[in-house]
Amino acid sequence: MPAGNPSLPTFVSLMLMITTFMIVLTSISLHENTRMRALMSGVRDTFALTSGTARDGEGQTAARILGAAALGFHTSVPLAEVEGPTGGNRVILTMPISTVIDTTTKAATTEFEKGVAALAAALAGRPADLDYELELRFSDGAVADAFASALATTASAGGIDPARLFVGTAPGPRESLSLLVRLDPRPTAPADPASDSTGAP
């Protein structure tokens, strides 16, 4: 058996190990890039009104109107903060109950009245194909029973459609109140076959 280079097997083994290591690193990198793209896609879909490009303009309009509504309300009720899940078609304002209602007289404060008026003015500028919905969220049923009626009456007097105003409960401190404002596409009425002028059955 001819004499060979004794370091050759070691060198070959080392090269194979380095090659394997590089392949593993490359595969991990490709997997992470795929996961990152999926994550970013999910974030975009979550914060968009819809995932289709045909509704991008509508999503931007909803976000603009809700931004103006939140700003107007916050100007009148400075302790109101944007909190909780938000997206292109919703905003949640959380505030201490003491800033929106006088617990002694059980009447809405002047700040809340002005905030609702600013909110209604912003929502009045929405396109005709968008509907709005408001929900007063209390963390305690007894507090809701005591104050919901006064706040709902003030909201209606300030220009909010009573049919679009709801009262609910959500977890949180007993002394705070959340106001959810949501814009959704107006459902289109189905076509009436009787009004078809072509005479088709």
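Reader: Between which two strands does the loop that holds K106 lie?
Author: The model is predicted: local features require pLDDT of at least 70 and side-chain atom pairs pLDDT 80 or more, whereas totals for chains, interfaces and linings use all residues. Residues are numbered from 1 along each chain as its sequence is written, and side-chain values use heavy atoms, without hydrogens or water. Strands (E, at least two residues) and helices (H or I, at least four) are DSSP runs numbered from the N terminus. The loop with K106 lies between strand 3 (101–102) and strand 4 (107–108).

Reader: What phi does K106 have?
Author: Most residues other than glycine have a negative phi. K106 is not a glycine, yet its phi is positive, at about 60°.

Reader: Is K106 buried, partly exposed or exposed?
Author: Buried denotes under 20% relative accessible area and exposed over 50%, with partly exposed in between (1.4 Å probe, protein chains only). At a relative accessible area of 45%, K106 is partly exposed.

Reader: What distance does helix 3 reach from its first C-alpha to its last?
Author: Helix 3 spans residues 110–124, 15 residues in total. The expected span, 1.5 Å times one less than the number of residues, is 21 Å for helix 3. The model comes close to that value, reaching 21 Å.

Reader: Around the axis of helix 3, what arc do the buried residues cover?
Author: The buried residues of helix 3 are F112, G115, V116, L119, A120, A122 and L123. They lie on the same side of the helix because their arc, taken from the directions from the helix axis to the C-beta atoms, is only 160°.

Reader: Which exposed residues does the opposite face of helix 3 carry?
Author: The face in question is turned away from the buried side of helix 3. Its exposed residues are K114, A121 and A124.

Reader: Which element gives the most to the lining of the largest cavity?
Author: A cavity is a set of points on a 1 Å grid over the protein atoms alone where a 1.4 Å probe fits but cannot get out, and lining residues have an atom within 4 Å of a point. The lining comprises F112, V116, L119, L134, L136, A155, I160, L165 and L179. The greatest contribution, three residues, comes from helix 3.

Conventions
1 Å grid on protein atoms, 1.4 Å probe; cavity = no way out; pocket = protein on both sides within 12 Å on 5 of 7 lines; lining within 4 Å.
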